[in-house]
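The sequence and the model come before my entries.

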Amino acid sequence: MALLTTTGSASAATNSLTVATYDRTGAKVSTGLTVVNVATNEEYKGTGNKTRWVLPKGIYAIVGDIWTSRDQSDTMSARVVTVSGTTKTTLDARWGKPLTVNLDKAPGPAFNQTLNAFICVGPDSFGRTGAWNKPGKLYVIPHNSKYLRFAYSSDWQNQQDALHNEAYVVAGSATTVPTTLTHTFHTASLATITNYVRSGPSAGDSVGVRMTASGACQDGNSITMYSGEMPAVAKVHAMAGTWTVDTDWSAVQKNGEQAFIGFLPRTVKLVGGKSTAQALLSSAWGPARELPAVGNGSIGFMTSSMFTDPSAGTWGSEGSERSLVTLYGPDNKVIRSLWRTDWRDGDPYFSAKVTKNGWYTLKVNGQRWRPDQAYPSTMLSTRADATFRMYVTAKAPARVADVIIPQLIPLGLSLTNSAKPGTKTTVQIRPDRRYPGPDLRFGSVTGKSATLLSSSDGGKTWRSAAVRKVGSSWLADVTNPGQAGYVSLRARLLATNGQWVEVTITRAYRVS
């Protein structure tokens, strides 16, 4: 017999818990269980019909999924008990009621339905236990305890190929495990979101797109909308509300193993009856999000966002870069030059001491770098460079530099981040002044003007484009070459304070 204990007072030794677990045929089964102290949220793992938990006196929630091999079914089970002395309780799958989720208009025989259910403890989702199964094979034991949370979802999917994927997704949650487990949703009330997963700037060869609804216990209840090669299109009809769309991708390494190399989360708010679309893994990947930190006798910069997907939010990246960071002082002499990397246990942060007030230039020359992987010869955004021209008061309190990054977004590209030869591509210059780092003083800075150059010969020659202000951004029309190749972009954004940032992205998009 297994015995699980925790260190604590001697009184704990006088209190024990055992749980008998039965499947839907009434047979005793060994079921993995999580026991949670509802006061401390401490979790204890064990097995039904085997483990004797030695616990401090208190109230405990028991959560588990009972599998019945005869009918290949899951039964989500939970019980809340007070442990005092020798305590015994039972979880019996025969008490379970079927979880049933329907659409008022069935999407057709080509769509396969899957059910998901989760039970967890408390608002922070301790002891989360989940199950996935076919309709008619997922049961839930109701329990009205205030300590329990319940979540469910269902999806109907038709995955034909990378460019033809369609799904219906609904979800719900409750602050108890409810007795009402039959739900019908109206297809007319669903929103539609089309996810265009592009290829080119990512070094990955396969991608996954998942959606998670908001609500009690939903965190971790993700539903895969697409898994396969890039590019891809995943059209989803989803319940109105707030959803998280997670995109992750992987690639084959030099040793032949598939490795996870990037992650991109996005939050979307869907309106019933309305349609929307979003592009994921879009060109061009370049400097964004991170700004230099100045003052308090130093200048610092984090290189981990030198290759940022413009569809990314406050975080998410491929996370494989190597950058040469060089700081020039007011006399234009090099103060410090250092290679930085965020791959594995590398250090992406650059810092240098400064003692004089004046104009400083920080140059960051970034390149894609993952030594265990061979990058494809057609990959986009192979290099990104940024130059920050800043006035620094050396001994002033630490603050975010008063500069604005010009983030470059080529518009109207295809699923392969390509434009047609001889056409024009409109490039948005989006002022980016985010800073996800330490809590530093963050002043208000206004952009004054922007310029844009393009190159179709790898940066040997550059051609200027007329720039116009539209709203809070600038737009420029780039004339693409008449033959297949790549276009590199360079932009400079000047602030009203005279400080500026120049960004160069090599192979920003493809012409084909």
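Predicted model: local features only at pLDDT ≥ 70, side-chain atom pairs only at ≥ 80, totals over all residues.

**Strand pairing**

I began with strand β34 (residues 424–432) and strand β38 (residues 473–479), which run antiparallel and are joined by six bridges.

Residues are numbered from 1 along each chain as its sequence is written, and side-chain values use heavy atoms, with hydrogens and water left out.

I then traced the open sheet to which these strands belong: four strands in the order β32-β34-β38-β37, with antiparallel pairing. Its edge strands, each pairing on one side only, are β32 (405–410) and β37 (467–470). The twist from one strand to the next averages 30 degrees, with axes being lines fitted to C-alpha atoms (for helices, over the stretch in contact) and angles running from 0 to 180 degrees between N-to-C directions.

**Strand β7**

Next I asked which strands pair with β7 in the antiparallel and in the parallel sense. Strand β6 (residues 58–68) pairs with β7 in the antiparallel sense over 11 bridges, and Val 63 has Ala 78 of β7 as its bridge partner. In the hairpin of β6 and β7, with four residues between the strands, I found Gln 72 at a positive phi near 55 degrees. Strand β13 (residues 138–140) runs parallel to β7 and is joined to it by three bridges, with Tyr 139 in β13 as the bridge partner of Thr 75.

I also checked burial (buried is under 20% relative accessible area, exposed over 50%, partly exposed in between; 1.4 Å probe, protein chains only). Nine of the 11 residues of β7 (residues 73–83) are buried, so this strand is largely enclosed by the rest of the structure.

**Disulfide**

Taking a disulfide as a pair of cysteine sulfur atoms within 2.5 Å, I counted one. The sulfur atoms of Cys 120 and Cys 217 lie 2.2 Å apart. The pair links distant parts of the chain, 97 residues apart, with Cys 120 in strand β11 (residues 112–121) and Cys 217 in the loop between β18 (206–213) and β19 (223–228). Both Cys 120 and Cys 217 are buried.

**Confidence**

Finally, I looked up pLDDT, the predictor's confidence in each residue from 0 to 100: the chain has a mean of 93, and 97% of its residues reach 70 or more.

Technical notes
Helix = DSSP H or I, 4+ residues; strand = E, 2+ residues; numbered from the N terminus. Pairing = 2+ DSSP bridges.
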